[in-house]
Amino acid sequence: MIKVFGFPLSPFVRKVHLVAAEKGIAIEMVLGRPGEPSPEFLAASPFRKIPALQDGDFTLADSTAIVTYLDALEPAPSITPGSAQQRAKAIWWEEFADTILIAAGGKVLFNRFVGPRLMGLPGDEVVAEQGLKELVPILEYLEAACGEGWLAGDALSVGDIAVAATLKSMGYIGLEPDPATHPRTAAWYDRVKARPSWQMVAAREAAVMERALGR
Ligand SMILES: N[C@@H](CCC(=O)N[C@@H](CS)C(=O)NCC(=O)O)C(=O)O
């Protein structure tokens, strides 16, 4: 079975799990300890980033590379739209999630949750507040883009998956889309959350997080 290394709180890891679930690709989640990387993980991820994948002799790091691999292995259902413009938009939304949304949201997530709750490190409230400020125009941009359907056309794409995966991490600090302030984003997010793939991945994550938080 394909192995995916990494902790499911990471939006990049969650993106890979969601894509695999959409496509019905079975994967084994390998958690590991960040401070004590296994030789298997190091072989798959030379720069020690999660996620990483091992499929027999084949290894690969980086969520974008990994979902490209999964999409090629199992083309249906597609996560990359067919038209040139929609396909490019899907990649834009993935980039938006992976570089812009996480850069701001991660400041709040790390300092209010990952550091204090999981790593025993004090959070830096100045950095968290800075992240909250940076998030305002980013979330407004997303709100303006959300419509009745999906971010990059008529079907769910890797763009929707990446953005929703990042918002779920932000849910750990109470920053999932608020219907009162971001109704279009909240409605789109509800559509992603209604998918069986999301429910399966979220249930698996909840079990891991419960153990990590010692509940
Ligand atoms: N562009 C990479 C980003 C991966 C990444 O930054 N992962 C974080 C966890 S969210 C990580 O491994 N951090 C550990 C470190 O930087 O040492 C991807 O899409 O997979």
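**Exercise 1. Determine which atoms of Lys49, Ile50 and Ser63 lie by oxygen atoms of the ligand.**

Solution. Lys49 places a polar side-chain atom 2.7 Å from an oxygen atom of the ligand, a polar contact being a pair of N or O atoms within 3.5 Å. For Ile50, a backbone N or O atom lies 2.8 Å from an oxygen atom of the ligand. For Ser63, a polar side-chain atom lies 2.6 Å from an oxygen atom of the ligand. The protein covers 61% of the 510 Å² of accessible area that the ligand has on its own (Shrake-Rupley method, 1.4 Å probe).

The model is predicted: local features need pLDDT of at least 70, side-chain atom pairs count only at pLDDT 80 or more, and totals for chains, interfaces and linings use all residues. Residues are numbered from 1 along each chain as its sequence is written, and side-chain values use heavy atoms, with hydrogens and water left out.

**Exercise 2. List the residues around the ligand and divide them by class.**

Solution. Around the ligand (a heavy atom within 4 Å) are Ser10, Phe12, Lys49, Ile50, Pro51, Asp62 and Ser63. This shell divides into three nonpolar, two polar and two charged residues.

**Exercise 3. State the volume of the largest cavity and identify its lining.**

Solution. The volume is about 50 Å³, where a cavity is a set of points on a 1 Å grid over the protein atoms alone at which a 1.4 Å probe fits but cannot get out, and lining residues have an atom within 4 Å of a point. The lining consists of Leu18, Glu22, Leu156, Ile161, Val192, Arg195, Ser197 and Trp198. Helix H1 (11–23) and helix H8 (196–212) each give two or more residues to this lining (helices are DSSP runs, H or I, of at least four residues). By class, the lining has five nonpolar, one polar and two charged residues.

Conventions: A polar contact is a pair of N or O atoms within 3.5 Å; within protein, one must be able to donate a hydrogen and the other to accept it, and residues adjacent in sequence count only if both atoms are side-chain atoms. Ala, Val, Leu, Ile, Met, Phe, Trp, Tyr, Cys and Pro count as nonpolar, Asp, Glu, Lys and Arg as charged, and the others, Gly among them, as polar. On a 1 Å grid over the protein atoms alone, a cavity is a set of points where a 1.4 Å probe fits but cannot get out, and a pocket is an open set with protein on both sides within 12 Å along at least five of seven lines; lining residues have an atom within 4 Å of a point. Grid points are joined across faces, edges and corners, and a volume is the space filled by probe spheres set on the points.
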